[in-house]
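Reader: Please take one part of this model and go through it closely. I would like to follow how the pieces around it are arranged.

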Amino acid sequence: MAKNRKVIITCAVTGAIHTPSMSPYLPITADEIAAGALGAAEAGAAIVHLHARDPKDGRPSQEPELFAPFLKKIKAASDVVVNLTTGGAPTMLVQERVRPALQFRPEVASLNMGTMNFGLYEMLKRTKEFKFDWERPYLEGSWDRIFRNTFADIAFILESCSNNGTRFEIECYDISHLYTAAHFLERGLVKPPLFIQSVFGLRGGIGPHPEDVLHMKRTADRLFGDDYVWSVLGAGRNQMTVATLSAAVGGNVRVGLEDSLWDGPGHLARNNAAQVRRIRTILEALSLEVATPDDARQILQLKGRNNVAF
Ligand code: KMH
Ligand code: ZN
């Protein structure tokens with residue numbers, strides 16, 4: 001793992017795991033997404049990972065016109081690094097998922113490293129009433145749905161974005177996904193330093209046990225040596241423990257309402273900034289310095305905020 005002593009906090013502001021009825025604080029409209037991202041940046045996030053939602057009913061959407069208004073607001077008010085999803089939602093085709101990254105050429109875009117189960121149905125237990133008709137079938141449908149990321153899909157995203165200078169947040173939900181990333185490195189479709197985002201505790205991926213986290217790190221160290229920058233995210237209630245563990249052993253962290261709605265047991269986070277502040281406090285207690293957006297640009301060798309198309 002590349003040696004950087006400043007810790008990059010990524011904040012994933014909204015996303016396709018949670019639905020609007022699960023939390024009144026989940027950003028839905030462009031104004032809410034911009035405010036969530038700017039609040040997170042103010043609190044110490046160097047990178048914001050962004051999805052869009054249809055403002056009518058909060059459904060995940062990859063329509064570039066829904067991204068444009070919040071991208072404009074974020075860029076006007078902050079130098080935070082913008083990371084756009086190419087994962088979209090497991091219900092979408094890859095051609096639809098890549099559209100925002102293709103059009104806006106961000107400094108960073110996500111890239112999912114394998115086809116997998118993506119179980120959201122357990123969250124049905126918690127929410128009894130849904131405001132919108134798509135929410136329950138979306139969650140129930142995850143019992144029998146795959147999140148498709150074949151080799152061809154991954155290559156399609158990499159090849160279509162190849163002239164954009166975008167670096168990828170390589171999302172690895174299992175050890176095998178590290179091997180897929182190594183395969184694409186060997187084929188020359190991704191270039192070092194790889195930004196590996198390991199995901200723990202999502203149903204269908206690796207679990208959140210400390211042994212899982214350490215096994216992920218050991219394997220990535222062996223496959224990539226100094227050619228990667230490691231970050232982690234723990235889904236749901238695993239968010240802060242997984243982030244703290246990773247930070248203690250040299251990694252970077254991702255928080256945000258996309259992956260967890262919580263700010264302590266039983267307390268819904270009122271905004272993204274609350275989770276950024278919580279991990280920031282932990283990092284500072286560990287005597288770790290928090291990376292600025294420009295530190296993140298240097299560590300990840302990004303092309304710079306003047307070279308995006310928004
Ligand atoms: N919420 C993450 C576990 C993407 O946007 O490409 C999945 C994710 C996928 O971030
Ligand atoms: Zn995402």
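Author: The model is predicted. A place to start is the pair of helices α9 and α10, whose crossing is right-handed. Helix α9 covers residues 239–248 and helix α10 residues 272–285; the two pack at an angle of about 35°, and their axes lie 10 Å apart. On the α9 side the contact is made by Q239, M240, A243, T244 and A247. These meet Q275, R278, I279, I282 and L283 of α10. Sorted by class, the residues in this contact are six nonpolar, three polar and one charged.

E258 (OE) coordinates the zinc ion (ligand 2) together with H49 (NE2) and H51 (NE2), at 2.0 to 2.1 Å. Along the chain, the donors of the zinc ion (ligand 2) are spaced as H-x1-H-x206-E. With buried meaning under 20% relative accessible area, H51 counts as buried because its relative accessibility is 4%. E258, at 7%, also counts as buried.

A further helix pair is α1 (residues 30–43) and α2 (residues 64–77), which pack at an angle of about 30° with axes 8 Å apart. The angle therefore makes α1 roughly parallel to α2. The crossing of α1 and α2 is right-handed. In α1, the residues A30, D31, I33, A34, A37 and L38 meet P69, F70, K73, I74 and A77 in α2. By class, that contact has nine nonpolar, no polar and two charged residues.

Conventions: Residues numbered from 1 in each chain as written. Chains lettered and ligands numbered in written order. Predicted model: local features only at pLDDT ≥ 70, side-chain atom pairs only at ≥ 80, totals over all residues. Heavy atoms only, no water. Axes fitted to C-alpha atoms, helices over the stretch in contact; angles between N-to-C directions. Helix = DSSP H or I, 4+ residues; strand = E, 2+ residues; numbered from the N terminus. Left-handed = near helix turned anticlockwise from the far one by under 90°. Contact = heavy atoms within 4.5 Å. Nonpolar A, V, L, I, M, F, W, Y, C, P; charged D, E, K, R; others polar. Donors = N, O, S within 2.8 Å, 3.2 Å for Na, K, Ca; no water. Buried < 20%, exposed > 50% of the residue type's maximum accessible area, 1.4 Å probe, protein only. Parallel < 35°, antiparallel > 145°, perpendicular 65-115°, else oblique.
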